[in-house]
Amino acid sequence: MHIRTLAALASAALIAAACVKVPYTGRKQLNVIPDKLMNGLGKQSYSGMLQGVTVKKKGSESAVLTRVGREISRVANKPDFDWQFAMIEDPALNAWCLPGGYIGFYTGILPVLKNEAGMAFVMGHEVGHATARHGSERLSQNLAVMGGLAGINLILSGNKKMNDQQRGIVMGALGLGAQYGVMLPFSRAHETEADVIGTMYMANAGYPPAEGIKVWERMAEQAGAQPPEFMSTHPAHDRRQANIREWLPQARKRYERNRIDRDTLETLWGR
Ligand SMILES: [Zn+2]
């Protein structure tokens, strides 16, 4: 890599570090990895995640996913994101959004979502992790192991294949650790923040925000029967329900202004 490229990356990182604020919560964060690199890692990881799985391209599940995805991505207002949505045939109770707007939902989580509004909450939550740059914050902690920004850039430019350790760290930071045997749970602060952003996104998109609390109730009911993959990385349900309740009055106002003119609480999946 040229020294000039390195210098440009370093100054980009400094500029980013100086002025990044998290949506809605207003938390200031130290962001040392440029969005361009994170979005590139997201894109690369997305194609990896879709290898060897069945992606449902037809049918009502993927149609609803695309519809909710369009609504949430519209209010997330990230022109640099290349939004993609994949409905993956898999019993896992899981969903994710990678930096750059690459979203995966597993069919196993559908009964917990139950309806379009439930899906909008979980998508808002996952998109919230991406727009609040939580992956970037977590990867920053392991940047040295990656060989710094230059290391990430080399991996992205295809000069070097990711080794297992690097792959584990990237995947873990992006929230895909369970699939790669590296658990890096999002901190309670990141989860709380993603719930707040998700509640605001769904309300701004016109979905009833109280459904977010119901999703966590249904998630708690499912916990006994299902492998707790999605839940083990998330804090206690009653705590997150209380957190969402605090933000509900503000979310309701947004919802009333933007509400979708059809029933988004109609049961689509599960009982
Ligand atoms: Zn989360």
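This is a predicted model: local features need pLDDT of at least 70, side-chain atom pairs count only at pLDDT 80 or more; totals for chains, interfaces and linings use all residues.
1. The crossing in which H5 passes H10 is right-handed.

2. From H5 come Ala117, Ala120, Phe121, Gly124, His125, Val127, Gly128, His129 and Thr131, and from H10 come His190, Glu193, Ala194, Asp195, Ile197, Gly198, Thr199, Tyr201 and Met202. Sorted by class, the contact of H5 with H10 comprises eight nonpolar, eight polar and two charged residues.

3. H5 also packs against helix H3. The axes of H3 (residues 60-76) and H5 (residues 116-131) are 9 Å apart and meet at an angle of about 45 degrees. That angle makes H3 oblique to H5. H3 passes H5 in a right-handed crossing. On the H3 side the contact is formed by Val64, Val68, Gly69, Glu71, Ile72 and Ala76, and on the H5 side by Glu116, Met119, Ala120, Met123, Gly124, Val127 and Thr131. This contact of H3 with H5 has eight nonpolar residues, three polar ones and two charged ones.

4. The two lists may be read against each other. Ala120, Gly124, Val127 and Thr131 of H5 take part in the contact with H3, and Ala120, Gly124, Val127 and Thr131 of H5 also take part in the contact with H10. In general, an α-helix has 3.6 residues a turn, so residues three or four places apart point the same way.

5. How exposed or buried is H5 as a whole? Of its 16 residues, 16 are buried, so H5 is largely enclosed by the rest of the structure. In length, H5 reaches 22 Å from its first C-alpha to its last, close to the 22 Å expected at 1.5 Å a residue.

6. The backbone on either side of H5 deserves a remark. Lys114 lies in the loop between helix H4 (110-113) and H5. Its phi is near 70 degrees, a positive value in a residue other than glycine. A residue is buried if 20 or more other C-beta atoms lie within 10 Å of its own, and Lys114, with 20 C-beta neighbours inside 10 Å, therefore counts as buried. Just after H5, Arg133 takes a positive phi of about 55 degrees.

7. A further helix pair involves H2 and H7. The axes of helix H2 (residues 35-49) and helix H7 (residues 148-157) cross at roughly 40 degrees and come within 10 Å. H2 and H7 are therefore oblique to each other, and H2 passes H7 in a left-handed crossing. In this contact Leu37, Gly40, Leu41 and Gln44 of H2 meet Leu149, Ile152, Asn153 and Leu156 of H7. The contact of H2 with H7 has five nonpolar residues, three polar residues and no charged residues.

8. Tyr24 is not a glycine, although its phi is positive, at about 70 degrees. Tyr24 has 19 other C-beta atoms within 10 Å and is partly exposed.

9. In helix H8 (residues 164-173), which residues are buried? They are Ile169, Val170, Met171, Gly172 and Ala173. H8 is followed by Gly175, which has a positive phi near 90 degrees.

10. Glu217 belongs to helix H11 (residues 211-222). With 13 other C-beta atoms within 10 Å, Glu217 is partly exposed. Glu217 and His237 are separated by 20 residues in sequence and by 7.3 Å in space, C-alpha to C-alpha.

11. For the protein overall, the secondary structure comes to 13 helices and four strands. Buried residues account for 45% of the 271 residues. Of the contacts between residues at least 6 apart in sequence, 72% join residues at least 24 apart.

Definitions and conventions:
Residues are numbered from 1 along each chain as its sequence is written. Axes are lines fitted to C-alpha atoms, for helices over the stretch in contact, and angles run from 0 to 180 degrees between N-to-C directions. Helices (H or I, at least four residues) and strands (E, at least two) are DSSP runs, numbered from the N terminus. Angles under 35 degrees count as roughly parallel, over 145 as roughly antiparallel, 65 to 115 as roughly perpendicular and the rest as oblique. A crossing is left-handed if the near helix is turned anticlockwise from the far one by less than a right angle, and right-handed if clockwise. Two residues are in contact if their C-beta atoms, placed from the backbone, lie within 7 Å. Ala, Val, Leu, Ile, Met, Phe, Trp, Tyr, Cys and Pro count as nonpolar, Asp, Glu, Lys and Arg as charged, and the others, Gly among them, as polar. A residue is buried if 20 or more other C-beta atoms lie within 10 Å of its own, exposed if 12 or fewer, and partly exposed in between; C-beta atoms are placed from the backbone. The expected span of a helix is 1.5 Å times one less than its number of residues.
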